Every structure is written in structure tokens, then in C-alpha cells.
Amino acid sequence: MLVFCATLRYYFRLKTAKKRLSLLFGQPPFCEQELQENALSLIDNYTKYINDTEAKTIKQFKGNIELLSNIIDFLKSIENTNSKRINSFNEYKTKYIPSSEEVELGSLIVEEAQKAIQVFIDIIEEKLKDINKPIPAENSIIENIEKHQTLLNSIIDQNNEQIDIINAKKNRIGEENKTVRKEICKCAYNNLVETHKTNIKSIFQLREKWKTLDAEIKKKKEQQKVSKKDKVASTIKSVLNYFFSDKYTLDEETFRLVFYENALEKDQAKDVLSEGEKNIVAFAYYIGDTHLKVETEDDYENLFFIIDDPISSMDFTHVYTVSGVIRDISKIIDKLKRERLIIFTHNNDFMRVLTANNIVDKKLLLKKGELKDFNNNLTVPYINHLIDIYNIARKNELANHTTANSIRHIIETLTKFQNVDISKDGIAEYIKKNIPNDTKSYTLINDLSHGGWRSEQSPITEDDYKDVCETIIKHIEVDFKGQIEYCKKFNKN
């Protein structure tokens, strides 16, 4: 490592020399007068003293000349040393200390100081030519030397200060490197900014637009936040209506169950409701609770339902209603964009209703610790009745004593599944809406299915059975095409 010497001062006793020279250059101390013998002796002694003193003075003058000449040489040496220091400083700062790159050490020009000292030397040499001759040494000569001394020492002090600074930076070279890297990064950044200023301007503009749009989106999201209490109550009432119509509903303010317009007290519900009805109410609350899981409307996109055996302790007729609720879940929760659900059940009939009506896509059966594909061919009343009707309508099979019961079972099932909120005259309303209003249909569905017969009624022929069965198959084919496709596939098997 480069370390600079920081002391280049020069000193000499100018004031002492000035005082000494003024004494030597003064007037002779004696005037003209007659001399006695003793006086002559005194004069001889004095002359001898003067000669000795003069010799000493001449020696001292010569010593001063030598001293001043040495100072002139020393000044030249200082100038040369300072030049070398400047060269080393510039090389070092350029290679290692870029932060000091703008710093310059001061040059020492000693020529004027040398000339001022040489004037003093010339005066002394002139005095040596005639030691008795007074030669004045003006104060301005000494002051001129002092002025140059002060100027040179000031430059040296400033240079030493800068050398101390760069030495300190040398000892903290790690920080200097970090500063250099920062400057490099800054330069690279500025170059990129200059090169891509058009794109950067566009980015800033887009960023401002993004901020504006983001603020608007947040504002709209706040406006779209779900009114949870109203949504929960409305959904629960909707599900309850599927099962009970106006028998049971919900008080939206107190969230108490209402039985025929009478709100049940805190402990009444458990005594009024059957076990199956309790499960229905719990299922309705489960669906309504969905709204408590969301904060904004976008959250409805992420809903996933896990439904665990919802038909426990329910009458079999409610199995179709539960299936209908699951099928219509996106209608009940109108913000739901897609249905995603997993249903667990121990009830094979419930499973078959779900699969036969394509309410679920994947059917699995857990058997001996393994999941296997569910077999739709297992016995279920609705499917068997539908296959019988299909075979009469499309396969020319003959009707038998159970055909009327099959027709009614299918109509009852469709009634509960399609119009689960109908509580009165469900089958009659369904027939009126979906089945041609003729005597044959009512006879088969309402009379023969119960084993009844009125004498005024016309006999039911094989063709009548076939026509009614075809009417029902065509009706099912419109809304539940998959069921008819299943019947076709079953017959092929």
C-alpha cells in the first residue's frame, strides 16, 4: 500500500538573523580625538578585540550564507519531492480511489522564494567585501521571505490533509469498492433510462392507469360486499320451501323457525320437529351458511360443497327433494357460477337417484377399503318401473297388472323431483301441466294404479297402455334424456 509522508515544512530564524544583522551593519562607535599612551594601549587591545570580533562576524556571515544556500537547495528538494507525491497521488486515486478522482494536490513553485533568499545572500556577500562599511538590510526583504514561507507551508499543509484523507480511504477500501459499484449501477441505470425513456414513460402512464383502475375495482368490490344476514335467511327459506312449502319457514329477523306463521320459541323446535325434519332444517342451514364463507362476489367462484349423508332419518319421498335441492343449488345460491361438490351417503337408493339423473358426474362405492365404480344396474324401484314403461312404448312388450302402478310411481317421482315445492294436489297439477288431458291418462294414473274401476269407464286397451307409456317416455326424453338412454343401454345388455 502507498503511504505518503505528510511533513515538508522548512524553518529558519529570520527574526534572529534580522536582529543580528542590524547590529553588524550599524555605525562605528568612535569619533576623532587625541590619544594618550595608555589610550594607545587600550586602542591596541580594542583593535585586537575588534579584529577577533570581525573574524567571528565574517565567519558568522559566511555561516549564514551557507545556511541560506542550504535553504535554497532544500526548497528545490521540496519542490521535487512534492512533484513525485503529486504523480503517486494521481496514479493511486485513479486506480483505487475513484471518489478522490477530482482532488488535485497543489504544486510548489519555489523559484520566487529562492530569489527572495538570494537577495539576502547578496547583501551579506556585499558586506563581506568591506566589513566596516554599513549596508542596510530593509525589513521588506525579511517580510518577502516570510511571505513565501507562509505560502509554501500553506500548500504543503493542504496537500498533507488530502494525503491523510486518501490514506484513510485506503484503509476502508471495502467501502470504496461498494461506492464504486453503486456508481457503476447508477451509470448503468441512467444509461437504461436514457435508452428506454419512451418505454419507461409508457410504463409510468400505465402504472397510473392501473392505480386508477385498481382503486375503482376496490370501490366496486366494497359496493358488492354480500349482505350476509339477508342472503343467509333468503337461502334457508328457499330450501325449507322445497320440503315444507308454507308449513315451516324462517323469521328473517330472529332466525327462528316459523310453524304455520307462528315463530317457535327457543326450546320448542326440538319437540315439534321429527328427526327427519330436524335433518332437513340442518341441511337448509348448511346451504344458507354458504354466504358466511364469502366476503365478495368473486369468492363464490371458489366454493366447494362437502355434503355428508343429508337424508339420514328422512322419509324416502324426501330423498328426491334433497336430490332436487342439490340439482338446483346454483339456482338457490344465484351467485354460484359452477357447482362443485362431493356427496357421501350410506343410502344406495339416494345414490341411484343422484346418478340416474346425472346430478353427479363420478360415482364411486367404498367396498372393503377400496373405491370402485358404482353399478347403476342394481335394483331401484323408479328405474325398474321406467324400464317396464319404456319396453311397452318402444319394445312392443305387453302391459300387465303392474303397468298402471309403474306409471303412477314414475309420475309421483317426477312430481317430487321437478316440483318439490308443490304441497297440494301435486300429481294432479303435474299431469295437467305435462300429460295430455284425456280420460285414458287419468284412468291409468289415478284409478287403475289403485286397483279401482268404475263401470261407466271405457275399457283400457293394449293400444291405450302403449299410447300413455309413449307419452310419458317422450315427456321424460325432453327433460331427462339420460334416463331414456339408460333404458336403451339396459335393453342392449
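Modeller: Accessible areas here come from the Shrake-Rupley method with a 1.4 Å probe, and for residues only the protein chains shown count as cover. This is a predicted model: local features need pLDDT of at least 70, side-chain atom pairs count only at pLDDT 80 or more, and totals for chains, interfaces and linings use all residues. Residues are numbered from 1 along each chain as its sequence is written, and side-chain values use heavy atoms, with hydrogens and water left out.

Colleague: Okay, how much of the accessible surface belongs to carbon and sulfur atoms?

Modeller: Start with the total, which is about 31,100 Å² for the chain. The share belonging to carbon and sulfur atoms is 50%.

Colleague: And what share of the residues counts as buried?

Modeller: Buried means under 20% relative accessible area, exposed means over 50%, and partly exposed is in between (1.4 Å probe, protein chains only). The chain has 493 residues, and the buried share is 35%.

Colleague: How many helices and strands are there?

Modeller: Both are DSSP runs numbered from the N terminus: helices (H or I) need at least four residues, strands (E) at least two. For this chain, the tally is 18 helices and 7 strands.

Colleague: Which residues of H9 meet H7?

Modeller: H7 (residues 228-244) and H9 (residues 275-288) have axes that come within 8 Å and cross at roughly 145°; axes are lines fitted to C-alpha atoms over the stretch in contact, with angles from 0 to 180 degrees between N-to-C directions. Contact means heavy atoms within 4.5 Å. H7 brings Val 232, Thr 235, Ile 236, Val 239, Leu 240, Phe 243 and Phe 244. On the H9 side, they meet Glu 277, Ile 280, Val 281, Phe 283, Ala 284, Tyr 285, Ile 287 and Gly 288.

Colleague: What about Phe 417, buried or exposed?

Modeller: Phe 417 lies in helix H14 (residues 403-418). Leaving aside residues up to four places away in sequence, Phe 417 touches Tyr 320, Ser 323, Gly 324, Arg 327, Asn 357, Ile 359 and Phe 480. Because its relative accessibility is 3%, Phe 417 counts as buried.

Colleague: How far apart in space are Phe 417 and Thr 317?

Modeller: Along the sequence they are 100 residues apart. In space, C-alpha to C-alpha, the distance is 9.3 Å.

Colleague: What is the phi of Phe 255 near?

Modeller: Most residues other than glycine have a negative phi. Phe 255 sits in the loop between strand E1 (248-250) and strand E2 (257-259), and it counts as partly exposed because its relative accessibility is 25%. Its phi is positive, near 60°.

Colleague: And what is the phi of Asp 309 near?

Modeller: Asp 309 is in the loop between strand E4 (305-308) and helix H10 (316-327). It counts as buried because its relative accessibility is 18%. Its phi is positive too, near 40°.
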